[in-house]
Amino acid sequence: MKLDPRALSDDGYIIDQRYTENIPFGGRPSSRNGCGWIAAYNFLKALGQSPDSELLRRQLERTLLPGGRLGVNVLALIYLLRRQKIPMEFALRPFHVQQLAQQSRAGIIFYRAGKTNHYAAFTREPDGRFRFFGAAAGASHHSMSMASFYWDYVKFPLTLMIAAK
């Protein structure tokens, strides 16, 4: 698997899903439904690991429902991350998401983004803001508060956040 350099930030995060057209995920290209494996990759990278994007993609691809139109099942994603021995916590409601995010090093947020669901990874920055990967296509250093992220991107109040302690 070869990632298009336009999909990557200068520090190696996958920030533009549009440029993963050449990478299959289920019966579709990753540009259409690969946000789950991309978020997992960015999350692991934010935690200081060196994830193998091809292995990660294949592991999550095996869990897709036939056709892969729905993308990554959140339970399969959690199972995969637990196997990495990452201590995790979860939140659903906006208040709890913001509270947990302030205590975490990095996380994945699964949210309603208009007509579709979407996964994006984030890491907490020293100033208390968050750097998001994959929420704004191509934004290399997309930094904002969690409240601003909710205001700008989340179209349904219940989300799932997976946070690393």
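Helices here are DSSP runs of H or I with at least four residues, strands are runs of E with at least two, and both are numbered from the N terminus.

Some housekeeping. This is a predicted model, in which local features need pLDDT of at least 70 and side-chain atom pairs count only at pLDDT 80 or more, while totals for chains, interfaces and linings use all residues. Residues are numbered from 1 along each chain as its sequence is written, and side-chain values use heavy atoms, with hydrogens and water left out.

I start with a helix pair. Two packed helices are described by the angle between their axes and the distance between the axes. Helix 5 covers residues 94–103 and helix 6 covers residues 146–153; their axes come within 10 Å and cross at roughly 140 degrees. The axes are lines fitted to C-alpha atoms over the stretch in contact, and the angles run from 0 to 180 degrees between N-to-C directions. Helix 5 and helix 6 are therefore oblique to each other. On this scale, angles under 35 degrees count as roughly parallel, over 145 as roughly antiparallel, 65 to 115 as roughly perpendicular, and the rest as oblique.

Which residues meet? From helix 5 they are P94, V97, Q98 and A101, and from helix 6 they are M146, A147 and Y150. By class, this contact has 6 nonpolar residues, 1 polar and no charged ones. Nonpolar covers Ala, Val, Leu, Ile, Met, Phe, Trp, Tyr, Cys and Pro; charged covers Asp, Glu, Lys and Arg; the others, Gly among them, are polar.

Back to Q98. Leaving aside neighbours within four places in sequence, Q98 is in contact with M146 and A147, where contact means heavy atoms within 4.5 Å. Q98 is partly exposed, with a relative accessible area of 29%. The cut-offs are under 20% for buried, over 50% for exposed and in between for partly exposed, with a 1.4 Å probe and protein chains only. The C-alpha atoms of Q98 and S145 are separated by 8.9 Å, at 47 residues apart along the chain.

Next, the rings. The structure holds 8 aromatic pairs. Rings of Phe, Tyr and Trp (its six-membered ring) pair if their centres lie within 6.5 Å; planes under 30 degrees apart are stacked, over 60 edge-to-face, and the rest tilted. F122 and F130 have ring centres 5.5 Å apart and planes at 90 degrees, so this pair is edge-to-face. F122 counts as buried at 0% relative accessibility, and F130 counts as buried at 0% too. F132 and F149 form a stacked pair, 4.2 Å centre to centre with 5 degrees between the planes. That pair links distant parts of the chain, with F132 in strand 6 (residues 130–133) and F149 in helix 6, 17 residues apart. F132 is buried at 1% relative accessible area, and F149 is buried at 0%. Ring pairs link Y111, F122, F130, F132, F149 and Y153 into a cluster.

Last, one backbone item. Most residues other than glycine have a negative phi. Phi of K85 is near 65 degrees, a positive value in a residue other than glycine. Where is K85 found? K85 is in the loop between helix 4 (74–83) and strand 3 (88–91), and K85 is exposed, with a relative accessible area of 71%.
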